[in-house]
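Please keep the sequence and the model in view while reading.

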There are 2 protein chains.
Amino acid sequence: MKIAILLFDRLTALDAIGPYEVLARIPGAELSFVGTKRGEIRTDNRVLGLTVDRTLDEMPRADIVLVPGGFGWREAAKDPAVIAWIRQVHAESRITSSVCTGSLLLAAAGVLDGVQATTHWSYFDELARLGAVPTQGRIVERGKIITAAGVSAGIDMALALAARIAGDDLARAIQLGIEYDPEPPFDAGTPAKAPPHIVEAVQARLRSRDASLS
Amino acid sequence: MKIAILLFDRLTALDAIGPYEVLARIPGAELSFVGTKRGEIRTDNRVLGLTVDRTLDEMPRADIVLVPGGFGWREAAKDPAVIAWIRQVHAESRITSSVCTGSLLLAAAGVLDGVQATTHWSYFDELARLGAVPTQGRIVERGKIITAAGVSAGIDMALALAARIAGDDLARAIQLGIEYDPEPPFDAGTPAKAPPHIVEAVQARLRSRDASLS
């Protein structure tokens, strides 16, 4: 089973690495990190380098495709090669998935036209603007399209995906293997749960960083 | 505030990337990925490449040091340069932390002699053998040493660490930024919660893979 994870400059690392850590444990899974050219890309903050091992041309088909997010989604959405690749792999994929603002990239490729999907909580308007139907949920599954909420939601999505592909027991084994028994020290993971002044501060910071990269 | 995250061949990516995604959001944090030599290392399954940006010699001091785990910990523990570096940075660090089997590497460097610490649930015996006092807990804090349980526990640890350094509200803002409101589709994240046959299967698989790399 071939799994393609898209990498692009200024992505958010955990969007890709959370699901990777789960999906790589599915027996028979062959994961590839793909991008416009081989070699290193840097994350949203430039702090971390990740390696693209295969070009988009080298991987025109995948059983599962996963598109992460990050501020770089805007630039990636302007790249005709990326958009064409998403359309092409999606046409034959068994599952097309995204994490965080990765769904905006799917939407930019037309994959989410009129489809219910989620994204990072601060990008719902943008998702609507790109033709999708923003829908609350940590994971939104509509046929073969699975979208996850912001950043860390990719771990939950990948476990659901592992269960769909390889059964509940295998998903439980993976959960145990990565000791995924979360105990966040705070309960502020969504705008509904976080204090309003924190929601405002985070949204302002995201908008400012996003604007500086546009 | 300088933060050093150790990278070594055959590490488990999420051990490092989970905390990175949290710690990089602390205002004033300067993260560096360090290793024995600059350039690419590959993860435990060889599927992903991550970039070492600074050598150990180039970063002899850090306010926060984070040591991830992964099957490669055994080889890393045999490298005198890695052991010497851990001792050196720990001597002057504000916080020394580990995720998963990263604590075995700390222990191999003598940092955990007689100290209560945790690790991945299947490596408690090994942690004791290396001189630490294995202690249950998703996060075990003893003075400036913070150890986390397996793989995904690094996210919880990093949030606790962010709170300690920059206050609860900042940690909540980071949690909201990465939308960390976990909803695992199963409840099998610890040996106590997973069905016994799954615990046995995962342990057998870990031992077999670990042995094949020893």
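## Salt bridges and polar contacts between the chains

In this predicted model, 4 salt bridges are found across the interface of chain A and chain B. A salt bridge joins A:Lys193 to B:Asp181, with 2.7 Å between the closest N and O atoms.

Which elements of chain A give two or more residues to the side that touches chain B? They are helix 1 (13-23), strand 2 (30-35), strand 3 (39-42), strand 4 (49-52), helix 6 (153-166), helix 7 (168-177) and helix 8 (196-213). Helix 7 of chain A supplies the largest share, 8 residues. By residue type, the side of chain A that touches chain B consists of 33 nonpolar, 15 polar and 17 charged residues.

## Extent of the interface

On chain A, 65 residues are in contact with 65 residues of chain B. The area buried between the two chains is about 5,500 Å², and 60% of it lies on carbon and sulfur atoms. Within chain A, the residues that lose the most area to chain B are A:Leu176, A:Glu179 and A:Phe186, which together account for 15% of what that side buries.

## Helix 7 of chain A

Helix 7 of chain A is mostly covered, with 7 of its 10 residues buried. These buried residues are A:Leu170, A:Ala171, A:Ala173, A:Ile174, A:Gln175, A:Leu176 and A:Gly177. After helix 7 of chain A comes A:Glu179, which has a positive phi near 45°.

Leaving aside residues up to four places away in sequence, A:Gln175 touches A:Leu159 and A:Tyr180 in chain A, and B:Pro184, B:Phe186, B:Asp187, B:Ala188 and B:Gly189 in chain B.

## Helix 6 of chain B

Helix 6 of chain B covers residues 153-166, which makes 14 residues. From the first C-alpha to the last it reaches 20 Å, close to the 20 Å expected at 1.5 Å a residue. Just after helix 6 of chain B, B:Gly167 adopts a positive phi of about 100°.

Why is helix 6 of chain B described as largely enclosed by the rest of the structure? The reason is that 12 of its 14 residues are buried. Among them are B:Ala153, B:Gly154, B:Ile155, B:Asp156, B:Met157 and B:Ala158.

## Two loop residues of chain B

B:Ser93 belongs to the loop between helix 3 (80-92) and strand 7 (95-99) of chain B. With a relative accessibility of 7%, B:Ser93 counts as buried. Apart from residues up to four places away in sequence, B:Ser93 touches B:Ala62, B:Asp63, B:Val65 and B:Lys144.

B:Asp57 is placed in the loop between strand 5 (54-55) and strand 6 (64-67) of chain B. Because its relative accessibility is 72%, B:Asp57 counts as exposed, the cut-off being over 50%. Along the chain, B:Asp57 and B:Phe33 are 24 residues apart, and 13 Å separates their C-alpha atoms.

Note on methods. Residues are numbered from 1 along each chain as its sequence is written. Chains are lettered from A and ligands numbered from 1 in the order in which they are written. This is a predicted model: local features need pLDDT of at least 70, side-chain atom pairs count only at pLDDT 80 or more; totals for chains, interfaces and linings use all residues. Side-chain values use heavy atoms; hydrogens and water are left out. Helices (H or I, at least four residues) and strands (E, at least two) are DSSP runs, numbered from the N terminus. The expected span of a helix is 1.5 Å times one less than its number of residues. Buried means under 20% relative accessible area, exposed over 50%, partly exposed in between (1.4 Å probe, protein chains only). Contact means heavy atoms within 4.5 Å. Buried area is the accessible area (1.4 Å probe) that two parts lose on being put together, summed over both. A salt bridge is a side-chain nitrogen of Lys or Arg within 4 Å of a carboxyl oxygen of Asp or Glu. Ala, Val, Leu, Ile, Met, Phe, Trp, Tyr, Cys and Pro count as nonpolar, Asp, Glu, Lys and Arg as charged, and the others, Gly among them, as polar.
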